[in-house]
Structure formats: structure tokens, C-alpha cells
Amino acid sequence: MRESYIQRQRADHGRRAVAVLPIHYPKELLTALDLLAVEVWGPPGAPRGDAAGRIQTYVCPVARNALAFLASGGADVVDAALFPHTCDSIQQLATLAADFGGWSKPALTFLHPKGFGRPSSRRFLAEELRALAGKLEAVAGRRLEPERLSSAIRLHREIDAHRAALLDGRATLPLDDPDLYALLRRGEWLWPEDHLAELRDARRLLGTAARRDGVPVLVTGYVPEPIGALAVLNAAGAYVAADDYAAVGRRIVREQDDAIADPWDALVARYAAAPPCPTRAADQDARMRYLEGLLERSGARGVIVHVVKFCEPELFDVPAIRRTFAARGVPLLQLEGELERQLSGQTVTRLEAFAELLSGPGGRA
Ligand code: SF4
């Protein structure tokens, strides 16, 4: 489906496409240059070829699957690949894709600062954004016009506002979690205006359903795969009331739609306003305060930590997350997956037991 969509975008609009590895990148630059971003979160399931075996088995399945995917020709329909400096694994992939995976198209990198407390971080980011824009211009075959960048920033602000409204108002949205997440995750590959149209339609449904009577939970983690986990959660009488998935909620920037005097400054400001993420900064206190705020605002009665095996940035914060919520007496379930397509019977049982635990008096362990 994505391949045919990419081909239609090329045929109908002359848009070239860029495969983008997780997590944070300035999508506004691609939109302004009429480049379709198609994100590659693995993809899930078994590796698409034996190139995964060229990376050690203790590296996360996202990096291993991505190398196999690129090497097997899975992304040949795109014109370039972008590797943000999310972690050492993704950074290494930028060279491994060519050396071990036969990737012959442009492999672009985007090095975002780790931490944002110093003025030098802002300067560094501003320079990285301009450097990336130059590389993307070569892929797009056109110059980046400041007015188009400002329009793209406004477009992505609006998309984020709708995504935030849907997540915040989900208790009265007539969509179950798998359907809502399918909608939100189509933003990983749809042209932004197509995604915006779907979001607007969904937002009109807010408030049209009776308030959910299930148990609200907070989910923090990497990516909602397999999506069956959310279906099991719903069937067991719980639902995701607050989202801190790196692929979803952690990339929603809640900011005012202020006038844009300088689009580069606005891009830097957007980056600074994004929620805390261990791949962007190591300030655990700030992240714990943010997660506690999510819990309080959503009324979540439990926390699910849903991480990918061997994901160093996510796993680094897990002890602090455990301590934070244990101190508040909030039950916590940790799931560690390998990007499998199906849930194991053991995981189903653990999710069901957790939902049952939360359904008890006060939802206390
Ligand atoms: S280590 Fe974590 S952040 Fe890095 S690619 Fe793997 S899953 Fe993603």
C-alpha cells in the first residue's frame, strides 16, 4: 500500500520520497520541499532478509530490521534515506546501509543536540537544520523558499493540534485504541495534507460517544507494535488515556500558532517545545515530571512501559519511571517486545491480569 501511495504521489504531484528512520526529524523541511517522508519503524515482523545477521544480535530489532529492509530492496521506491541521530544504532546504520546493505541512494544524516539548556545547543541545531535543508534540496531538485517553510510549519502545527486534541479527548471519541492509533500512525507516511484531512474528520467525532467506562492507563514506550496489544487492553476493559510513545505522543508539539517572523527560528522553537525524550536529552527529572503530569491530567490508574528489547535510550529511563510511579503507589507493567507481529500468549495474559488489577478497588497493587 505504501509503495503504491509513493508511486501515486510521484505520478500525480511529481513528489520524490525519502525513507526516514526513527525518531525526531524536521518534517517541515521535507514538506516545504515537496518531499514525501515515509518513516521506517523496523518494519515489524521477521527481518526481510539475511542482512540483519550483519549486526550483532544484541542490537535492537529496529536497526536490524531496517538494515534487512533496505538491503532487500524494500525501500527502493524512495529517492533517499534520512538517518536522524536517535542513538548509536541508527547513526551507524547510515554507513552500514551502504557498506553492508548495498544502499546506493543518498544517505542523509541529521544530528540533533542532546539537551537544550545551552545557547550553543540552539546554534548547533540551527546550523544542522540548514545543513540538512541543503542536502534535501539536492534530493528534491529545488531550492527551499522561506515562505514555503513558514507554510509547512503552520501546516504541521495544525496537524499537531488535531493529534493532541484526539489524544486528549479520546474518552469521548467513538474509536477504539487500534483504530485511533492506525489513524495517528498513517501520519508516518501520508502526505501531510492528506493526513490533516483524516484528522479533521476524526476530530469532528470528539464528544459524540458516551464517556468510556474502561480503566484509563498511561502508556510510555517506543512504538505501539504489535497493535494487538491495544486490542487486548481494550477487550480487558482498559484504554490508553495518556500517550508517551516515541512514535506518537512524544512527537506532538503543543505550541501556539504564533506569527512566524523567521521560519528557522520557528523550527528551532518547535524542537525546543517538544515533549521530553531520552533520545533528545538526558534530563530524567524533567521527563519524570512530564510523565507525572500526564498521569494526573488523564486520570490514568496504571502505567504500561512498552519498550523494544535492547533499546538503550528507552531502557535507560525505565528504573527512574519505576521509582517515580512506585513512590505514588501506581501499578506498572513493563512489556519488552521484539517488533513481533503477534502478541505471545504470555503477554496477552499479563495485559489482561494488569487490566483486572486496575479494575479492582482504587486500582491499587
Ligand atoms: S536503540 Fe532504541 S532508539 Fe535506537 S533504533 Fe533501536 S529501538 Fe530505536
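**Domain contact, ligand shell and local backbone geometry**

The C-alpha centres of domain 1 and domain 2 lie 24 Å apart. The model is predicted. The domain assignment places domain 1 at residues 2–142 and domain 2 at residues 211–363. Their contact draws 25 residues from domain 1 and 26 residues from domain 2. On the side of domain 1 that touches domain 2, H3 and helix H5 (119–140) each supply at least two residues. H5 gives the most to this side, with 4 residues. By class, the side of domain 1 that touches domain 2 divides into 15 nonpolar, 7 polar and 3 charged residues.

The ligand was examined next. Both domain 1 (2–142) and domain 2 (211–363) give residues to the shell around the ligand, so the ligand lies between them. There are 15 residues around the ligand. Cys60, Val62, Cys87, Val308 and Cys311 come nearest. The largest share, 3 residues, comes from H12. The shell has 10 nonpolar residues, along with 3 polar and 2 charged ones.

The axes of helix H7 (residues 177–185) and helix H9 (residues 228–235) come within 8 Å. They cross at roughly 150°. Angles over 145 degrees count as roughly antiparallel. H7 and H9 are therefore roughly antiparallel to each other. From H7, the residues in contact are Asp177, Pro178 and Tyr181. They meet Leu230, Ala231, Leu233 and Asn234 in H9. By class, this contact of H7 with H9 has 5 nonpolar, 1 polar and 1 charged residues.

Most residues other than glycine have a negative phi, and most peptide bonds are trans. Two cis peptide bonds are described here. A cis bond joins Pro22 and Ile23, with omega about 5°. Ile23 sits in the loop between strand E1 (16–20) and helix H2 (27–32). Another cis bond joins Glu225 and Pro226, where omega is about -10°. Pro226 is placed in the loop between strand E5 (215–221) and H9. H9 is also the helix whose axis crosses that of H7.

Positive phi values occur at Phe310 and Leu339. Phi of Phe310 is near 65°. Phe310 belongs to the loop between strand E7 (302–308) and H12. H12 also gives 3 residues to the ligand shell, while Val308 and Cys311 are among the residues that come nearest the ligand. Phe310 has 19 C-beta neighbours inside 10 Å and so counts as partly exposed. The threshold for a buried residue is 20 or more other C-beta atoms within 10 Å.

Phi of Leu339 is near 60°. Leu339 is found in the loop between strand E8 (332–337) and helix H13 (345–359). Leu339 is buried, because 22 other C-beta atoms lie within 10 Å.

Note on methods: Residues are numbered from 1 along each chain as its sequence is written. This is a predicted model: local features need pLDDT of at least 70, side-chain atom pairs count only at pLDDT 80 or more; totals for chains, interfaces and linings use all residues. A residue is near a molecule or strand if its C-beta atom, placed from the backbone, lies within 6 Å of it. Ala, Val, Leu, Ile, Met, Phe, Trp, Tyr, Cys and Pro count as nonpolar, Asp, Glu, Lys and Arg as charged, and the others, Gly among them, as polar. Domain bounds come from an automatic or database domain assignment. Axes are lines fitted to C-alpha atoms, for helices over the stretch in contact, and angles run from 0 to 180 degrees between N-to-C directions. Angles under 35 degrees count as roughly parallel, over 145 as roughly antiparallel, 65 to 115 as roughly perpendicular and the rest as oblique. Two residues are in contact if their C-beta atoms, placed from the backbone, lie within 7 Å. A residue is buried if 20 or more other C-beta atoms lie within 10 Å of its own, exposed if 12 or fewer, and partly exposed in between; C-beta atoms are placed from the backbone.
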